[in-house]
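Subject: Structure handover

Dear colleague,

Here is the structure I am passing on to you. My notes on it follow below.

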Amino acid sequence: MTAEIYLVVLMLVLVALFFIVPRLVGNWLKYRGTRVIICPETRRPAAVEVDTRHAEWSSLAGQTDLRLKNCTRWPEKKDCGQECLLQIELAPEECLARNILTRWYDQKKCVYCARPFEDIDWAAHKPALMGPDRKTVEWSEIPPETIPDVLKTHLPVCWSCHIMETFRREHADLVTDRDYDARGKAARV
Ligand SMILES: [Zn+2]
């Protein structure tokens with residue numbers, strides 16, 4: 001009898017490993033992350049997050065059901081109809097904030113050192129950007145719902161130049177103008 005119980009348990013584990021886990025992980029990978037959509041009500045960008053846990057478990061029932069976990073228009077619009085989910089269903093990769101930024105840096109060069117953005121390391125060496133005020137900023141300082149507008153007014157800066165610019169700005173007395181002029185000439189033209 002004990003052997004039969006072990007066999008049933010083993011079969012349940014195998015079913016989970018081969019059918020359930022891949023589906024759960026697949027939906028988590030597909031719908032994780034911040035997305036920038038156009039709010040159907042305002043026709044303006046808003047940043048949202050999909051409730052990945054709900055998407056994962058609903059997929060086991062046969063069809064993945066999407067709902068939002070967060071929206072920058074919440075809590076005021078918490079009870080909206082979430083019609084923006086259609087944009088995510090139709091093109092989940094297109095509206096992912098990370099992908100929007102990666103596409104923007106593609107084929108561009110750092111405004112300071114002119115090096116192209118290749119194989120961006122989003123984990124350790126995130127690229128930055130320079131605003132109209134010539135100050136470099138990191139993406140963590142930018143509200144995601146403003147990304148479409150920011151991309152129109154800012155210039156791309158590589159991670160190394162952003163670190164140097166930040167150091168120069170915060171420790172101006174330690175950096176000579178000669179060093180800065182040689183490296184930052186392109187940025188000021
Ligand atoms: Zn650079």
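Donors here are N, O and S atoms within 2.8 Å of the metal (3.2 Å for Na, K and Ca); water is not among the atoms, so sites may look incomplete. For the zinc ion, the donor residues follow the sequence spacing C-x2-C-x44-C-x2-C.

This is a predicted model, in which local features need pLDDT of at least 70 and side-chain atom pairs count only at pLDDT 80 or more, while totals for chains, interfaces and linings use all residues. Residues are numbered from 1 along each chain as its sequence is written, and side-chain values use heavy atoms, with hydrogens and water left out.

The zinc site

The SG atoms of Cys110, Cys113, Cys158 and Cys161 are the protein donors, lying 2.3 Å from the zinc ion.

Strands are DSSP runs (E, at least two residues), numbered from the N terminus, and two of them pair if DSSP finds at least two bridges between them. An open sheet of 3 strands has the order S1-S2-S3 and antiparallel pairing. S1 and S3 (68-71) are its edge strands, each pairing on one side only. Between S1 (residues 34-38) and S2 (residues 45-50) there are 5 bridges. Arg35 stands opposite Val48, and Ile38 has Pro45 as its bridge partner. The hairpin of S1 and S2 has 6 residues between the strands, and Arg43 takes a positive phi near 60 degrees there.

Regards

Notes
Helix = DSSP H or I, 4+ residues; strand = E, 2+ residues; numbered from the N terminus.
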